[in-house]
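This briefing covers selected side-chain and helix features of one model. The notes are grouped by topic and follow the display below.

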Amino acid sequence: MADNKATSKAQEFKALSKKDQQRKIGDLILNNAMYIIIAIAIIFITVKQPKFISLSSIVNIISLTAAKLPIALGIGGCIVLTGTDISAGRVVGLAACISASLLTTVFKVFPNMTSAMPIPVVLLIVLGVGAAVGFVNGFSVAKFKLHPFIVTLSTQLITYGIILMYLMNGVNNGQTLSGLTDSYRSLITGTLFTIGGVAIPRYVLYAVILTAVMWVIWNKTKIGKNMFAIGGNPEAAAVCGVNIVKGSLVIYILAGILYGFAGALEAGRTGSATNALGADYALDAIAACVVGGVSMRGGIGTIKGIVTGVIMFQIINYGLIFIGVSPYVQYAVKGSIILIAVAIDTQKYLKKK
């Protein structure tokens, strides 16, 4: 069946004029340009360091993907709305600091505490904090028509200020929060199962479940349908009875909740929290979304694409570290990936027009 379909497509291609064939090849390269670039990068890294494709490396990439996926899933929805959210990283950092300060054996931020709070209670707190930031972002963008970049830049700075003040509480004096409880660390980094003697951490399962939930929300609920309608054509969506303010607000709140969850995971995964945690996470997530086909023009994007984009971006990140590339060069590479991805997205949009 597959062979017949391939043969049929080959015959259709041969029947086209030379000009149409060239256009078809050009479109194919354009649509898969980022995948081609990533494939070339993987080949280059593997040639330089063959151990890059070992089982332990693959598991590390999967684990890193699982840790960053909730952030990308949140930002992806904002991009579909033709927006963005550069406050994401700092919200993750705040959630991580709150989690680490309440689920620890050394209470520096709250010296009067004698025991760690229940994990479900702390999780609800950080999800609530994330939702609150998401509400401010969404309300400002949807109700007051403020530019998403300016709004989220503002909340990024506000959130970072809150982190700095929070870490100055009690006797902590701005220091790193550590000494997390064993139950908290085990819940996040405990072994889910092993492959060839290499452990898969539990938070990979949480990322899989979260991805499935977000797929259902995007594809099977009114929230997702409204999101794509608003991002594709807000005027037409309004005419069809979609509440633009409410629809946008829900997506930004959902994004904030995902950042809060990511912060709780990140503190447990790394075993500590500092005021620097999450600084570059938003840029990485935006890049991963764009690489995965979420259009900055709005109205286009898939959960599958976001997952693919995060995996690809983590492959590049991990690969550069693996072959010993300077951190300064890594920043340049990240910036280049974002620029190339946006340029490709723009070319796709212009071709459709």
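**Surface, helix packing and ring pairs**

Ile209 is part of helix α9. The model is predicted, and the points below concern its nonpolar surface patch, its salt bridge, the buried side of helix α10 and its aromatic pairs.

**Nonpolar surface patch**

- Ile209 has a relative accessible area of 47% and is therefore partly exposed.
- Ile209 belongs to a nonpolar surface patch together with Leu55, Leu192, Phe193, Ile195, Leu205 and Val213. The accessible area of these residues together is about 550 Å².
- Two elements, β1 (191-195) and α9 (203-220), each give two or more residues to the nonpolar patch.

- The structure contains 1 salt bridge.
- The partners are Glu266 and Arg269, and their closest N and O atoms are 2.7 Å apart.
- Both Glu266 and Arg269 belong to helix α12 (residues 244-270), where a spacing of 3 residues places them about one turn of the helix apart.
- An α-helix has 3.6 residues a turn, so residues three or four places apart point the same way.
- Which of the terms buried, partly exposed or exposed applies to Glu266? Glu266 has 2% relative accessibility, and because buried means under 20%, it counts as buried.

- In helix α10 (residues 222-232), the buried residues are Gly224, Asn226, Met227, Ile230 and Gly231.
- Around the helix axis these residues cover an arc of only 165°, so they lie on the same side of α10.
- The exposed residues Lys222, Lys225 and Gly232 are carried by the face of α10 that is turned away from the buried side.
- Which elements are included in what covers the buried residues of α10? Among them are α4 (55-80), α9, α11 (234-239) and α12.

**Aromatic pairs**

- The whole structure has 7 aromatic pairs.
- Phe135 and Phe139 form a stacked pair, because their ring planes meet at 15° with the centres 5.6 Å apart.
- Phe135 and Phe139 are 4 residues apart in helix α6 (residues 119-142), which means that about one helical turn separates them.
- Phe135 is partly exposed at a relative accessible area of 38%, and Phe139 is partly exposed at 29%.
- Phe139 also pairs with Phe144: the ring centres are 5.4 Å apart and the planes are at 85°, so this pair is edge-to-face.
- Phe144 has 53% relative accessibility and counts as exposed, because the cut-off for exposed is over 50%.
- Phe52, Tyr318 and Phe322 are linked into a cluster by ring pairs.

**Asn317 in α14**

- Asn317 is located in helix α14 (residues 303-322).
- At 10% relative accessibility, Asn317 falls under the 20% cut-off and so counts as buried.
- What does Asn317 touch, not counting residues up to four places away in sequence? Asn317 has contacts with Asp284 and Lys334.

Technical notes:
Residues are numbered from 1 along each chain as its sequence is written. This is a predicted model: local features need pLDDT of at least 70, side-chain atom pairs count only at pLDDT 80 or more; totals for chains, interfaces and linings use all residues. Side-chain values use heavy atoms; hydrogens and water are left out. Patches are made of residues with over 30% relative accessible area and no salt bridge: like charges are joined within 9 Å, nonpolar side chains (Val, Leu, Ile, Met, Phe, Trp, Tyr) within 5 Å. Accessible areas come from the Shrake-Rupley method with a 1.4 Å probe; for residues, only the protein chains shown count as cover. A salt bridge is a side-chain nitrogen of Lys or Arg within 4 Å of a carboxyl oxygen of Asp or Glu. Buried means under 20% relative accessible area, exposed over 50%, partly exposed in between (1.4 Å probe, protein chains only). The arc is that of the directions from the helix axis to the C-beta atoms. Contact means heavy atoms within 4.5 Å. Rings of Phe, Tyr and Trp (its six-membered ring) pair if their centres lie within 6.5 Å; planes under 30 degrees apart count as stacked, over 60 as edge-to-face and the rest as tilted.
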